[in-house]
Amino acid sequence: MIKIYFYPKIILKPSDVKNSYITDFEEAIGLHHIVINKEANTKGVLDFFSYIAKTDIYLFNWIEDIPRRKKGKLQVFFFMLFLTLLKMQNKKIIWVLHNKYSHNLSRNRWTDFMFKTMFKNADLILTHSKEGVELGKQKYSKYAHKIKYEIHPVKSIIASKNASKKYDFLFWGSIHPYKDIVKFLEFIKTHDSIKDPKILIIGRCFDERYKQLLYESLSANMIFEDKFYEMKEIAEFAAQSKFILFTYGADSVLSSGALMDSLRMNTQIIGPNHGAFKDLSYLPSVHVFDTYEEIIRIYQNSTTDIPINDQELVQFFEENSWSKFAKKIEKHTAELLLKSS
């Protein structure tokens, strides 16, 4: 079996916000490969060196963010040394391109450098959005042939009870400035197309300044709960909401795990007309907008729930399960090693 070093490998504390993508991805890889690193990555880039002799392929998620880590510039230096050793031993790299740019980070030369480095040195670049392919063609055309689009895998449908609609819009997940929630709240308070919209916002916000702005933007029918909820609890809130709403800015986001989890809930979704939202807007439960005025029009014109047994949705879940994704990864890794033999 092919031996893969998987990054990041983390062990979450009970207080941490959970991102199941990493654990789901690692489990999927383990169906057809051996994940060679068993312990959490606590040494940063230095940990990579320990596994060179044992590893066939290094699979990196969000590796472009290492300049933001502790001693980030030093880690970038060691990462470049690591790449040199890796190529000398003909090891392969798969890089998952999740974002156009690092979230919550102003453009800087270190992050630019890491993006260019990964486009140049990765043997395969996976992206969960067609926009990721276009990004490569436009900005890194020399390496665009390396990029492959694979839809973000989705878990099974979350069963929830039918409920009356208490909320017009539900925002869920970790609260960050790039999600533009405050911007939308300020907008909708100035428009009377929706009279006193009932909005529920649930999720942890670690940016104290933004949290204060969010509280200041709430009106009487808007609720913000700064706490973590399990997915089943979120699905229950979704069942009480007419729409799950995503107001992400277009600057960084390509794919969205929150979108994929929202598809598992029996409600309609509104998101920006870019990235994975645009890719999946053919599904009956996904609506996209270019302006906030379009959100209002979608709200006014879409009044019924999408049946969870809609044939198009059922087929989508069948074709894009994590087990199917594991087989796609197996195909990609076999092709990589075949080319190098």
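Trainee: Which strands make up the open sheet, and in what order do they lie?

Mentor: As a general idea, the strands of a sheet pair through backbone hydrogen bonds, either parallel or antiparallel. In this predicted model, the open sheet has 6 strands, paired in parallel, and its order reads β2-β1-β3-β4-β5-β6. Strands β2 and β6 (147–149) stand at the edges with a single partner strand each, so one side of each has no neighbour in the sheet.

Trainee: Over how many bridges do β1 and β3 pair?

Mentor: Strand β1, residues 3–7, and strand β3, residues 57–61, pair in the parallel sense over 4 bridges, and within that pairing Phe-6 has Leu-59 of β3 as its bridge partner.

Trainee: Which residues of helix α6 are buried, and what covers them?

Mentor: The general idea is that an α-helix has 3.6 residues a turn, so residues three or four places apart point the same way. In helix α6, which spans residues 181–189, the buried residues are Ile-181, Val-182, Phe-184, Leu-185, Phe-187 and Ile-188. Their cover includes the strands β7 (167–172), β8 (199–202), β9 (222–225) and β10 (241–245), together with the helices α7 (208–217) and α11 (292–301).

Trainee: Is Asn-41 buried or exposed, and where is its place in the chain?

Mentor: A residue is called buried when its relative accessible area is under 20%, and Asn-41, at 15%, is therefore buried. Asn-41 belongs to the loop between β2 (34–35) and α2 (46–49).

Trainee: What does Asn-41 touch, leaving out residues up to four places away in sequence?

Mentor: With those left out, Asn-41 touches Tyr-5, Tyr-7, Lys-9, Asp-47 and Phe-48. With Tyr-5 there is a polar contact between the two side chains, at 2.9 Å, and a polar atom of the Asn-41 side chain also lies 2.9 Å from the backbone nitrogen of Gly-44. For a sense of distance across the model, Asn-41 and Pro-177 are 136 residues apart in sequence and 28 Å apart in space, taken from C-alpha to C-alpha.

Trainee: How many cavities of 30 Å³ or more are there, and what lines the largest cavity?

Mentor: The count comes to 3 cavities of 30 Å³ or more, and the largest cavity has a volume of about 60 Å³. Its lining includes Phe-171, Trp-172, Lys-179, Leu-245 and Tyr-248, as well as Ile-181, which is also among the buried residues of α6. By class, the lining residues of the largest cavity divide into 7 nonpolar, 3 polar and 1 charged.

Definitions and conventions. Residues numbered from 1 in each chain as written. Predicted model: local features only at pLDDT ≥ 70, side-chain atom pairs only at ≥ 80, totals over all residues. Heavy atoms only, no water. Buried < 20%, exposed > 50% of the residue type's maximum accessible area, 1.4 Å probe, protein only. Helix = DSSP H or I, 4+ residues; strand = E, 2+ residues; numbered from the N terminus. Contact = heavy atoms within 4.5 Å. Polar contact = N/O pair within 3.5 Å; in protein donor to acceptor, adjacent residues only side chain to side chain. 1 Å grid on protein atoms, 1.4 Å probe; cavity = no way out; pocket = protein on both sides within 12 Å on 5 of 7 lines; lining within 4 Å. Points joined across faces, edges and corners; volume = space filled by probe spheres on them. Nonpolar A, V, L, I, M, F, W, Y, C, P; charged D, E, K, R; others polar. Pairing = 2+ DSSP bridges.
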